[in-house]
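I opened this model to look up helix packing, ligand surroundings and backbone geometry. My entries follow in the order in which I made them.

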Amino acid sequence: MSTKLIASLCPYCAVGCGLYLTVDKGKAIGIEYMTDHPASEGALCPKGNSLLEILDHEERLKYPMKKLGDGFVRITWDEALDLVAQGLSRNIRKHGPGSLGFLASSRCNNEENYLMQKMARLLGSPNVDNCARLCHSPTVVGLGAVLGTGAMTNNLLDLQNAKCIFAIGTNFTEAHPIVTRWAQKAKDNGAVIIVADPRITSTSWMADIHLRINPGSDIDLLRAMMKVIIDEGLADDDFIKSRTQGFEELRDSLRDFSLEEAAEKTGISTGDIIRAAKAYAISPASALLYSMGITQHVCGTDNVKSCATLALLCGHVGRPGAGVWPMRGQNNVQGNCDMGGMPEFYPGYKRSTDPQTIEFFKAGWNVSDLPLGPGLTSTEMTEAALEGRLKALYITGEDPIVCDANIKKTRKAFENLDFLVVQEIFMTPTARMADVVLPAAAWAEKDGSYTSMERRVQWIDKAVDAPGEAKDGMWIVCQIAKRLGLDFPYQNAAEVLSEINRLVPQYGGMTLERISKVGGLRWPCPDVQHPGTDILHAQRFSTPDGRARIATVKNRPPGEEISPEYPILLTTGRIVLHYNGGSMTMRSISLYERDPELYVEMNPADAARLNIAAGDLVVVTTRRGSAEARARLTEKVRPGVAFMPFHYHGTNIITSDALDPVAKIPEYKIAACRIEARA
Ligand SMILES: Nc1nc2c(c(=O)[nH]1)N[C@H]1C(S)=C(S)[C@@H](COP(=O)(O)OP(=O)(O)OC[C@H]3O[C@@H](n4cnc5c(=O)[nH]c(N)nc54)[C@H](O)[C@@H]3O)O[C@H]1N2
Ligand SMILES: Nc1nc2c(c(=O)[nH]1)N[C@H]1C(S)=C(S)[C@@H](COP(=O)(O)OP(=O)(O)OC[C@H]3O[C@@H](n4cnc5c(=O)[nH]c(N)nc54)[C@H](O)[C@@H]3O)O[C@H]1N2
Ligand code: SF4
Ligand SMILES: [Mo]
């Protein structure tokens, strides 16, 4: 038989599900389930199951192109690479390397991202970021500050050992469907499930206690739970004493805080707050899962710190079934951050502002100079482009013209650039703005490793050829780097992995052979004898003195509040069938057909008042603009709250770009809007 089975991974979310591609004459013709995969046990959600629909989709980018007038013309790779090198070097000469920005792709593998940030920094630019900015940047800094490491503490399989699951601001049944499997096992074993979400979701259907929180009031809820736990003597005093610092300040700050005040702000009764606090505290192992409902706020970093602090108070860290679980987003967003694709960190979370980091990488990369950080975050790059300080931007596998908040501003910023290059697998709205478009190989068309949300690093081999002249991202970056005079001698991804093994301590023992096995290895894995790490912080936290830092924070009001002109609170998020900017799922016919157009969920009471019927086209307007959507009337949202998925291209015209002051993440989860029937 000529067909081969090649081990691969799902290219969508950070659960990192494994699968086999059936390959015949260089083409993927089917999927086989990988039943021995440790996180997914062969299961795939609808997106994973339909991935062949996009792999050789006819609209895949096949040739390099340059802008000509309003359109594009096909060019050779030589011309494309020369143009990119010239576009970057021209701006370095005229405006200095700080005028260059780079977006590394969390859809791309570790080796590509490692090279991308290395190229940026060797060119002298500290400005490299990735979509974690819009996602879990508050986790990287906030969880990093409290526990010493901004990553998921436990592993997915271990969720079944939890006796209580507190899911706050995560709709994992839609966003990380395969996690449901492990949560359900825990529930079957008697775990209490608490969900804090303003909406009724398929995740809240699993809940014993659903806390229907007012958007943006999570710190009040968490502090109220902390107060109950301390006042009722349910805190783990031994753990607090031996493994943390900062408890007294927190306790003092809660003295004058009343549950009634919290109930008023959160919209949750004091009775439910007490029930939830007790259930979380007294269970022998409680897992706290959180995601965008926590991070995408102007208080995102403080939200994260509060989640981690609640876990510390009860000693629910460092043990099976417990822990703090940031539900990471993209298939390789964890890896991209690990590889230093952020302005705050060089690879391995070495602070970019620390001169020792610079010395370490000068020696490691054998260069005489490197930029001290912090560079610009992606949200700051937009501002800098608007102000004319950022001149050239190199984007790999991101679609900010769909996914940024307040995209009219992003569009204006990109129009103001001297040079924009986009490396993509499809012609996205972002790619359409580029001076040069570089066609890239997709995940199954190249070798490399991916790090899932549970710190699991998995290598996959190239299974099929890329379409047309599309090329592996690492080849592209090496060619450009060479044209800019950099020493990028890498022949293949395995050589890049060896350098990662040498310079990123958490990946020290992650050799090609070891991470090629089904399920790979979980970091930290410092040497080749090390078996990898299932549970972080078992003995000590990764802070300098080994103690976690209990955080004392106060709630801050959202970036904008409702007003007579904008009386409804709009929140945005995900649905199971579509994925982020939709470049892939909107082209995946089985997914697209089932949910083809933008809608807004609103409460029937609001709709009746506004004379809107189910299925009507409505206009949703915020201070930034308007978007048209189809009205869906549902009790899933309370009166005064509306929800829109952001996968369709109207939603982010109206979202708010108010930023968290530390992590610089926009407040996607709160905008004041009005909804009107379309005239
Ligand atoms: N199908 C699908 N899966 C995906 C993605 C996708 O686009 N589609 N994207 C991936 C990515 S990049 C990410 S980051 C993850 C994100 O995964 P999630 O964070 O689970 O997804 P969201 O729907 O953005 O938000 C989660 C929930 O937060 C709630 N929420 C909103 N405001 C608040 C609030 O103020 N407080 C609380 N407690 N909750 C609130 C929302 O109602 C929503 O149900 O999903 C990943 N997986
Ligand atoms: N309103 C609202 N907006 C949001 C959010 C929200 O909750 N609400 N969530 C935010 C979050 S959490 C995130 S992470 C961002 C996501 O923002 P983005 O990262 O911009 O979203 P994606 O659509 O995943 O973009 C990835 C792109 O990579 C391309 N791609 C896929 N594979 C490859 C490859 O191998 N090589 C290359 N070169 N390209 C590839 C895809 O075609 C796609 O266009 O959106 C944010 N925007
Ligand atoms: S859960 Fe995530 S990784 Fe698994 S099949 Fe679905 S999209 Fe892919
Ligand atoms: Mo994300």
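Entry 1, H4 and H20. I looked up the angle between H4 and helix H20 (residues 473-483) in this predicted model and found about 20°, with the axes 9 Å apart. H4 and H20 are therefore roughly parallel to each other. The class covers angles under 35 degrees, while over 145 counts as roughly antiparallel, 65 to 115 as roughly perpendicular and the rest as oblique. Axes here are lines fitted to C-alpha atoms, for helices over the stretch in contact, and the angles run from 0 to 180 degrees between N-to-C directions. Helices (H or I, at least four residues) and strands (E, at least two) are DSSP runs, numbered from the N terminus.

I noted a left-handed crossing for H4 and H20. On the H4 side the contact is made by Glu-112, Leu-115, Met-116 and Met-119, and on the H20 side by Gly-473, Met-474, Val-477, Cys-478, Ile-480 and Ala-481. Contact means heavy atoms within 4.5 Å. I sorted these residues by class and got 8 nonpolar, 1 polar and 1 charged. In this scheme Ala, Val, Leu, Ile, Met, Phe, Trp, Tyr, Cys and Pro count as nonpolar, Asp, Glu, Lys and Arg as charged, and the others, Gly among them, as polar. For handedness, left-handed means that the near helix is turned anticlockwise from the far one by less than a right angle, and right-handed that it is turned clockwise.

I number residues from 1 along each chain as its sequence is written, and chains are lettered from A and ligands numbered from 1 in the order in which they are written. In this predicted model local features need pLDDT of at least 70 and side-chain atom pairs count only at pLDDT 80 or more, whereas totals for chains, interfaces and linings use all residues; side-chain values use heavy atoms, with hydrogens and water left out.

How do H4 (residues 110-122) and H21 (residues 493-503) pack? I found an angle of about 70° and axes 9 Å apart, so H4 and H21 are roughly perpendicular to each other. H4 passes H21 in a left-handed crossing. H4 contributes Asn-110, Glu-111, Tyr-114, Leu-115 and Lys-118, and H21 contributes Ala-493, Val-496, Leu-497, Glu-499, Ile-500 and Leu-503. By class I have 7 nonpolar, 1 polar and 3 charged residues for this contact.

The axes of H8 (residues 218-231) and H10 (residues 247-254) come within 10 Å and cross at roughly 100°. H8 and H10 are therefore roughly perpendicular to each other. Arg-223, Met-226, Lys-227 and Ile-230 of H8 meet Phe-247, Leu-250, Arg-251, Ser-253 and Leu-254 of H10. The classes are 5 nonpolar, 1 polar and 3 charged.

I found 35 residues around ligand 1, of which Ala-175, Asp-197, Arg-574, His-578 and Asn-580 come nearest. A residue is near if one of its heavy atoms lies within 4 Å. An N or O atom in the side chain of Arg-574 is 2.6 Å from an oxygen atom of ligand 1. From the backbone, an N or O atom of Asn-171 lies 2.9 Å from a ligand 1 oxygen atom, and one of Val-576 lies 3.0 Å from a ligand 1 nitrogen atom.

Which residues come nearest to ligand 2? Of the 32 around it, they are Asp-399, Cys-403, Glu-424, Ser-583 and Asn-652. An N or O atom in the Ser-583 side chain is 2.6 Å from an oxygen atom of ligand 2. For Lys-669, a polar side-chain atom lies 3.1 Å from a ligand 2 oxygen atom.

I found a cis peptide bond joining Gly-373 and Pro-374, with omega about -5°. Pro-374 lies in the loop between H16 (355-365) and H17 (378-386).

Methods:
Polar contact = N/O pair within 3.5 Å; in protein donor to acceptor, adjacent residues only side chain to side chain.
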